[in-house]
Amino acid sequence: MSNNFNMCKNKIRKKYFFFIFLISVSLVFVGCNKKIENKNNNKILFELISTSDSLFQKKQYAQAIRCFNQIIEIDSNIGKVYYQRGICYVKTDKFQKGINDYLKCVELNYRVVDSYFRLGLSYELLFNYPNALHYYKKAYEMNPDDTISKKRIEYIETFQKSLK
């Protein structure tokens, strides 16, 4: 009896160790795939960023937006992508989408002063002067040498006074 019991125990151990071995190999394989996937993503990212920069420089904003969207699907933490896509949106009269992208830039701490200025500009283009003034002031507070923000603040304040 004890011989049968020991044989069964050995078979179970062998199956158990084989099972553990298979799981280990699977985990290693999955890990390798992620590394390969990351390398492929980096290559794709590089190509997309290069293409989007070229489209942006050529002022082909609609095509650049599509490229930026693909980049964001791969990596949603690249401030430059949101900043440039925000510009593209504003240039194509999609102001609210541009505003959302500039807010994301601030969240990512990318070109914060410029993003505040562009938020002010976008709100001004939407005739939302209180928000425009708010963001121009934020930009100016962060960079008191910014004469453009100062001029926009003065213009909007003068405009608002003339309405009263």
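Let me start with a cysteine: Cys88 is buried, at a relative accessible area of 0%. Buried here means under 20% relative accessible area, exposed means over 50%, and partly exposed is in between, with a 1.4 Å probe and protein chains only. Cys67 is buried too, at 7%.

A word on the model. It is predicted, so to speak of local features we need pLDDT of at least 70, side-chain atom pairs count only at pLDDT 80 or more, and totals for chains, interfaces and linings use all residues. Residues are numbered from 1 along each chain as its sequence is written, and side-chain values use heavy atoms, with hydrogens and water left out.

Now the first helix pair. Helices are DSSP runs of H or I with at least four residues, strands are E runs of at least two, and both are numbered from the N terminus. Helix H2 covers residues 61–74, and helix H3 covers residues 79–91. They pack at an angle of about 150°, with axes 9 Å apart. The axes are lines fitted to C-alpha atoms, for helices over the stretch in contact, and angles run from 0 to 180 degrees between N-to-C directions. H2 and H3 are therefore roughly antiparallel. On that scale, under 35 degrees is roughly parallel, over 145 roughly antiparallel, 65 to 115 roughly perpendicular, and the rest oblique.

Which residues meet? From H2, we have Tyr61, Ala64, Ile65, Phe68, Asn69, Ile71 and Ile72. From H3, they meet Val81, Tyr82, Gln84, Arg85, Cys88, Tyr89 and Lys91. By class, the H2 contact with H3 has 10 nonpolar, two polar and two charged residues. Contact means heavy atoms within 4.5 Å. For the classes, Ala, Val, Leu, Ile, Met, Phe, Trp, Tyr, Cys and Pro are nonpolar; Asp, Glu, Lys and Arg are charged; the others, Gly among them, are polar. So Cys88, our buried cysteine, is one of the H3 residues in this contact.

Next, Ser50. It sits in helix H1, residues 2–57. Ser50 is partly exposed, at 41%.

On to the second pair. Helix H6 is residues 129–142, and helix H7 is residues 147–163. Their packing angle is about 150°, and their axes are 9 Å apart. That makes H6 roughly antiparallel to H7. The H6 side of the contact includes Leu133, Tyr136 and Tyr140. The H7 side includes Arg152, Ile153 and Ile156. By class, this contact has 10 nonpolar, two polar and four charged residues.

What does Glu124 touch, leaving aside neighbours within four places in sequence? Tyr129, Ala132, Tyr136, Arg152, Tyr155 and Ile156. Glu124 itself is in helix H5. At 12% relative accessibility, Glu124 counts as buried.

Last, two loop residues. Asn109 lies between helix H4 (95–107) and helix H5 (112–125). Its phi is near 60°, a positive value in a residue other than glycine. Asn109 is exposed, at 64%. Phe127 is in the loop between H5 and H6. Phe127 also has a positive phi, about 60°, although it is not a glycine. Buried or exposed? Phe127 counts as exposed, at 63%.
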